[in-house]
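Reader: Hi, I'm new to this one. Can you walk me through a few parts of it?
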Amino acid sequence: MRNFYIHKLPFFALLGVLLLPSCAQKTQLPEEESATRIVWPAAPQEAKIAWVKEYKILKETSSRQGFWGRIGDFFLGPNTAHITRSYGVCTDDKNQLFIADTGSSVIHIFDMQTTRYRFIEGNDKVQLSTPIGLVYVEGSLYITDSSQQSILEYDLQEGSLKRLISMNSGRPTGIAFSQYNRLLYVSDTVAHQVVAYSLDGIEQFRFGERGIADGQFNYPTDLWVDITGKVYVTDALNARIQMFSVTGEFLGQFGQPGDTAGYFSKPKGIAVNQHGYIYVCDALFDSVQIFDAAGQLLLTFGDNGTRPGQFWMPSGLFIDSQSYIYVTDTYNQRIQVFKEVNR
């Protein structure tokens, strides 16, 4: 049994469990209390980003339904998972939170409303070893597995995992989906390229090569596609963000190495909100930086530490349609959730 999975209840609780009526405790992302909320920038400036909550232990608090369900609650107990070493994160834009946990070689699936928890792991036919990037598309999760050199597809309805693409060489890392042309974009980090695939796994085109010029990469990692179809690439060792059209034409770039806000040290996760603001995790700055469409710094939030709103090597980043911001706080073993305010 995996060490992240726990289920225990004391025996004397059996009678009580069987007699209690079933109930489902629902949890939702809470709105911030104005008197106690953690915000950026600090007062007296107008708040733009607020801390909401964290997910560190994914504990199922809702009860199974019916008489036999309550018996199951007693003998099996609640599903509980500790996040070990997370990277990719996304949602289905409803209640389900998906977390790629490279430390446990699983994908955590947590319903933020009902608190139902389950996980995806490999099997004899399809291994899941080093899941890094995640994207949800119309009932399926597409997963990059770096060490397996594969892109996997998990059908959430059928509960089936399959290998969609075998790259044979290279190291797939970031993954994003474009509604504009219905293609998956995958960063092949060691090939210094971005590869576009159809949803059935057929390569359409690729762009990039190693270098420092416009359109070249030095170990690209994370990706995002905005609502207009523009592709954003974290060009990690060139310490910059590059932008491309849906066909891979270079559109622009910003960023350079440095040790202060507005520069990059170890950029990783990237996401773009509905207003076109670009969010970038910097793992060595332990912060998230926000830029406008021209690459001008607007705001940073977070610093090093373990308290709410602090980070220890943040990696993945996701923004949903409700302007909630999910950050994988990798070495603090948690997902932190923030909210854009006053938009």
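Author: A definition to start with: two strands pair if DSSP finds at least two bridges between them. Also, this is a predicted model.

Reader: OK. What is the bridge partner of S187 in strand 16?
Author: V194. Strand 15 covers residues 183-188 and strand 16 covers residues 193-198.

Reader: How many bridges join strand 15 to strand 16?
Author: Six, and the two strands run antiparallel.

Reader: What order do the strands of that open sheet have?
Author: The order is 14-15-16-17. That makes four strands, with antiparallel pairing.

Reader: Which are the edge strands?
Author: Strand 14 (172-178) and strand 17 (203-207). Each pairs on one side only.

Reader: And what does the twist average?
Author: It averages 20° from one strand to the next.

Reader: New topic. Is strand 10 mostly covered or mostly open?
Author: Mostly covered. Strand 10 spans residues 131-137, and six of its seven residues are buried.

Reader: How many bridges does strand 10 share with strand 11?
Author: Five, in the antiparallel sense. L134 stands opposite I143 in strand 11.

Reader: Which residue takes a positive phi in that hairpin?
Author: E138, with phi near 50°. The hairpin has two residues between the strands.

Reader: Last one, S287. Where is it found?
Author: S287 is in strand 24, residues 287-291.

Reader: Why does S287 count as buried?
Author: Because its relative accessibility is 7%, and buried means under 20%.

Reader: What does S287 touch?
Author: Leaving out residues up to four places away in sequence, S287 touches V280, C281, D282, F301, G302, F311 and P314.

Conventions
Residues numbered from 1 in each chain as written. Predicted model: local features only at pLDDT ≥ 70, side-chain atom pairs only at ≥ 80, totals over all residues. Heavy atoms only, no water. Axes fitted to C-alpha atoms, helices over the stretch in contact; angles between N-to-C directions. Buried < 20%, exposed > 50% of the residue type's maximum accessible area, 1.4 Å probe, protein only. Contact = heavy atoms within 4.5 Å.
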